[in-house]
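Here is my note on the structure you sent. Please read the points with the model open beside you.

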Amino acid sequence: MGSGSPTLATATNLAVVQSLHDALPQAIKDAGVIRFAGDSHPPYRTVAPDGSVTGIDADFQAAIGQVLGVRTQTMIVNALPAALQGMLSDRYDAFNGPVKATAEREKQFDTITWMTTRTAYVFPDSAAGIARVEDLCGKRVAVVTASVVEEQLNKLSRFCTQGKRQATQTVGLDDTNATLLATLSGRADAAGMTEAAAIDVTQRQGGTKYVTQTEAQGASKDDLALYVPKSSKLGPVLQEVFEELFRDGTYVGIMSRWGLNQVSVPKPVFNAATPQ
């Protein structure tokens, strides 16, 4: 199922940059569309019953499409591995995350870092005994399988055991919605997600709180990136598009609209995890 994202939610219309359109791979120009893989992951992507997609990703896709003079389309996948494999199989052209830029993945993909974040854990107000991150030691924490959040939870678990506390119990699920549902239904004690997602959840849904993992607890501030297969040659073009969106203020406008200024970056970075 796919949905077009022809206009920005802010109703801004950006001019086509002809030189960037001309630089597109011929396959994209011929198709007239960039196919984005996307799982359900508010506030990045919220999928309506009719298949339409709203969120940060939809806004950035609309801006990218306007600058390049092509359509963009979101094709829903269940999880990160499906997005990565689908791109390598030429089912999708790009994936806007949130996914961490890593040197290992940059052997096959070009990445464009456009935000940064820490890992946060959402839990109900009524949860007994949870007020700090270390209170999650020994607790069941739902995370998206194979995500950067699962990696950070493993580090938190090591922090717990090194401090003579019980290890965390990982509940691996397909997407962020599933982790939140598991938490609200009592099948997990907390849901791990990016801080951006935690901000969105607690703003939209009453009765929840979140805590943010610190560096002392194993967390790092992660570079989150758009992924494009190197073989497509689309990555360098999208890097230039993001540079344009930073220059003209569109990037700041989108991040501000979603309340994410605290996880914005000063400029987009191409293949941030690979030594230059």
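Which residues in α7 are buried? I take that up in the first point.

1. **Helix α7.** The buried residues in α7 are E195, A196, A197, A198, I199, D200 and V201. That is seven of the ten residues of α7, so the rest of the structure largely encloses this helix. The cover over its buried residues includes β7, β8 (119-124), α6 (176-184), β11 (190-194) and β12 (208-212). Keep in mind that this is a predicted model.

2. **Overall make-up.** The protein chain holds nine helices and 14 strands. For 276 residues, a compact globule would have a radius of gyration near 19 Å. The protein chain has 19 Å, so the two agree. Along the principal axes, the C-alpha atoms fill a box of roughly 60 × 40 × 30 Å.

3. **Burial and surface.** Of the 276 residues, 52% count as buried. The protein chain exposes about 11,700 Å². Carbon and sulfur atoms supply 50% of that area.

4. Take the contacts between residues at least 6 apart in sequence. Of these, 79% join residues at least 24 apart.

5. **The largest nonpolar core.** This core has 36 residues. Those with the most contacts inside it are I34, F60, I64, L68, W114, L226 and L238. Two or more residues come from each of β2 (33-38), α3 (56-68), β7 (109-117), α7 (195-204), β13 (222-229), α8 (235-247) and α9 (250-257).

6. **L68 up close.** What does L68 touch, leaving aside its neighbours within four places in sequence? L68 is in contact with V16, L20, H21, L24, I34, V237, L238 and V241. Two of these partners, I34 and L238, are also listed with L68 among the core residues with the most contacts.

7. **Aromatic pairs.** The count comes to five aromatic pairs. One of them is F60 with Y251, a tilted pair. Their rings sit 5.9 Å apart, centre to centre, with 40° between the planes. F60 lies in helix α3 and Y251 in helix α9, so the pair ties together parts that are 191 residues apart in sequence. Are F60 and Y251 buried or exposed? Both are buried.

8. **The aromatic cluster.** One cluster is made up of F60, W114, F242, F246 and Y251.

9. **T74, a polar side chain inside.** T74 sits in strand β5 (residues 71-76). Why does T74 count as buried? Its relative accessibility is 3%, and the cut-off for buried is under 20%. The T74 side chain makes a polar contact with the side chain of Q61, at 3.2 Å.

10. **S256, partly exposed.** S256 is in helix α9. Its relative accessible area is 33%, so S256 is partly exposed. How far apart are S256 and L136 in space, C-alpha to C-alpha? The distance is 31 Å, and the two are 120 residues apart in sequence.

Methods
Residues numbered from 1 in each chain as written. Predicted model: local features only at pLDDT ≥ 70, side-chain atom pairs only at ≥ 80, totals over all residues. Heavy atoms only, no water. Core = buried A, V, L, I, M, F, W, Y, C linked by side-chain atoms within 4.5 Å. Buried < 20%, exposed > 50% of the residue type's maximum accessible area, 1.4 Å probe, protein only. Helix = DSSP H or I, 4+ residues; strand = E, 2+ residues; numbered from the N terminus. Contact = heavy atoms within 4.5 Å. Polar contact = N/O pair within 3.5 Å; in protein donor to acceptor, adjacent residues only side chain to side chain. Phe/Tyr/Trp six-rings, centres within 6.5 Å; stacked < 30°, edge-to-face > 60°. Rg over C-alpha atoms; globule rule 2.2 N^0.38 Å. Areas by Shrake-Rupley, 256 points an atom, 1.4 Å probe, with all protein chains shown as cover.
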